[in-house]
Amino acid sequence: MANQLNMDRRHFLAGVAGATALGVAGCFVGCSPAAEGKSDADGADQTAAPSNENAPAGKKDWLGIPPEVADVSKTVDAEVVIVGAGVAGLAAGLAAIENGVKPIILEKGQTSRSGGGVHGAVNTKLQAESGITFTVEDIDKFIKAEMKNSGMNADESLLRVWAAESGAVLDKIVELTAADGVESRINTLPLPDYDQEEQEYFTEGAYPVGHAVGPGDANGPAIDALTKKIQSEGGEFYYSTPGVALIQDEAGNVTGVYGQQNNQYIRFNASKGVIVTTGEYGNNPDMVDEFVPQVAGLGLNCFYAPPVNTGDGHKMMVWAGAEMQRPPHAPMTACTFLVPQPVPFLLVNKRGERFQNEASSNFIAFNSVGHQPDMTAFQVFDSRWADVCNELKVMTWENTFLPDAEKKAAIEEASLKADTLEELAALMGIDPAAFAETVARRNALADSGHDDDFGLPLDRLVATKITDPPFFANQNVLIGYGVCLGGVWVNKNMQVLKKDGSPIDGLYAAGNTVGRRFGTSYFQELCGLSNGMADAHGYVAGRSAATRA
């Protein structure tokens, strides 16, 4: 891998108070739910069998049964029908257009859907222009890292599809947005001057695969350009028209999908295939309870999922015989403090106890903080904290964290402040004796030459000793989850699979409807991987469907 650039970095969580999460563009309005039942309009084909026998073991109330389709208002014939107009669905539409097929795209919302995010891709033109190239050995290395992070829950073949296809697909998207006068850029962290793998539980900057399409951190320019391209080539969009049930022939092949519009059903026949790209299910509490139990029932803010993301596509595919990835699925989680991690200032819980190596990212810190009383932790530092940050030069979500006088004043203003540890503990609402003992223990470990408790590297342990008043503390300002990253089994052609591993003919999936892309946590070793896989997998799904005999 050649060259490492110091590029702009997106702000996943913005503001000194960390108060806002990723925005979602557009206005989303759900449509009326369908009545339950199982019959088809003409009896020749059928919707998927009205049962939940394909649901994984455990609770099955998330699945329900297919709607009873009656009074079909019209029938529309197409070769390829795509359900969901997010980035995966639009990439599929682009591939269909390039392979001579004019797709029909259904979308539950009132417009094509734009969410936040960087696009991870390998060996793009932008990377080449910046002197960044990835060898096959580099690709092997970062896919191995991702597989280890997933605990081998991810399907390596899907990561390989991403690595092989993402560069060319993103080049197409960047070309389309450039025609609209939108400039894209490399948007990834540079490698710091220290070894992240040795020093921290944080290595997002290790592989510069991230790209920002447009000036900010959102998919809007890409969504707009793809939508316009598909429309200009004869593709047709049906907005406010959710897909509600797949249509299958007697052999179980998918031949179309029913959409619902204004309380009426439209039958969309698809001679080559249906591609399901309806996004994740964060606004379906039953599905979250079933598949993301690590966040279910905690009363957390689901800060990213738009209202239309209720798992419609997942349910349609399981009704049709698809196999769902076993739980737990990976949520995109966040837990932030005023000083961004992995700056390793002391963290204590409400018992005044230290509970982790502090050099971790805000994604994975959720998992440790979430196990503390009331999912609460405090970040503690002394009056030297800004100088410590500027000396350590720690790589964080905000690039190297180097607080200036303005940021220093803002963080101190937002923090609890006291001249003694006992007074600070009182402000935090924790036992002063326990807190003082924890601080004394950590300082003593720094003096001893090794962190026997959690293995924080000595230079960081020494630098973050708590010695000079006044002392400061801030509570985690956000703890929550966004996208739920799990779905059905697919093969490398993005065909949806049954439990026995055989494909359901005519059915494809991409984006967050696809399972086995991550482990049980969204870990940012590869910046923008989720969007990057949506781009690449969507394109492959569209190509596979459009070229199906």
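Q: Are Trp62 and Phe291 buried or exposed?
A: The model is predicted, with local features needing pLDDT of at least 70, side-chain atom pairs counting only at pLDDT 80 or more, and totals for chains, interfaces and linings using all residues. Residues are numbered from 1 along each chain as its sequence is written, and side-chain values use heavy atoms, without hydrogens and water. Buried means under 20% relative accessible area and exposed over 50%, with partly exposed in between (1.4 Å probe, protein chains only). Both Trp62 and Phe291 are buried.

Q: Which geometry do the rings of Tyr238 and Phe268 have?
A: Rings of Phe, Tyr and Trp (its six-membered ring) pair if their centres lie within 6.5 Å; planes under 30 degrees apart are stacked, over 60 edge-to-face and the rest tilted. The centres of Tyr238 and Phe268 are 4.9 Å apart and their planes stand at 80°, so the pair is edge-to-face.

Q: Which residues form one aromatic cluster?
A: A search of the whole structure gives 10 aromatic pairs. One aromatic cluster is formed by Phe345, Phe381, Trp385 and Phe472.

Q: Which residues in H6 meet H4?
A: Contact means heavy atoms within 4.5 Å. On the H4 side are Ile173, Leu176 and Thr177. In H6 they meet Pro221, Ala222, Ala225, Leu226 and Lys229.

Notes
Helix = DSSP H or I, 4+ residues; strand = E, 2+ residues; numbered from the N terminus.
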